[in-house]
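Thank you for asking me to look over this structure. My notes below follow its aromatic rings, point by point.

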Amino acid sequence: FSSPQLMRTVPLFNPYGLGIKSNALYVCEGNNGIWIYNTTKAFDPVFVSNITVTGTSFYDVIPYGNILIAQVNDGFILYDIGTNPLQPTFLSRISN
């Protein structure tokens, strides 16, 4: 067995849940939205973009097939990630 080694640290403000599909890593950043990283090079993730919604805090994400399910402060937001996982597109919002 070998000992794990830290390969890279990525600075974040207030990370919550995360999810991955293909080469896309989604990190929930609370009021700062979802941050999307390209992980084609596993030890060198590259920030691609972020999704923000005014007045919304993002707490967790679940990639489920071609849908990204985001848990937010007042329910869920669904995004299409089938066409391009690095560029989620809004599908619908479910408020509670």
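1. A residue is called exposed when its relative accessible area is over 50%, and buried when that value is under 20%, with partly exposed in between. The model is a predicted one, and Phe-13, at a relative accessible area of 65%, counts as exposed because it lies over the 50% cut-off.

2. Searching the whole structure gives 5 aromatic pairs. One of them joins Phe-13 to Trp-35 in an edge-to-face arrangement, with 5.6 Å from centre to centre and 80° between the planes. Since Phe-13 belongs to the segment before strand S1 (18–21) while Trp-35 sits in strand S3 (residues 34–38), this pair ties together parts that are 22 residues apart in sequence.

3. Is Trp-35 buried or exposed? Its relative accessibility is 13%, so Trp-35 counts as buried.

4. Trp-35 also pairs with Phe-47, and this contact is edge-to-face because the ring planes meet at 70°, with the centres 5.6 Å apart. Phe-47 lies in strand S4 (residues 46–51) and Trp-35 in strand S3, so the pair ties together parts that are 12 residues apart in sequence. Phe-47 itself is partly exposed, its relative accessible area being 41%.

5. Taken together, Phe-13, Trp-35, Tyr-37 and Phe-47 are linked by ring pairs into a cluster.

Note on methods
Residues are numbered from 1 along each chain as its sequence is written. This is a predicted model: local features need pLDDT of at least 70, side-chain atom pairs count only at pLDDT 80 or more; totals for chains, interfaces and linings use all residues. Side-chain values use heavy atoms; hydrogens and water are left out. Rings of Phe, Tyr and Trp (its six-membered ring) pair if their centres lie within 6.5 Å; planes under 30 degrees apart count as stacked, over 60 as edge-to-face and the rest as tilted. Helices (H or I, at least four residues) and strands (E, at least two) are DSSP runs, numbered from the N terminus. Buried means under 20% relative accessible area, exposed over 50%, partly exposed in between (1.4 Å probe, protein chains only).
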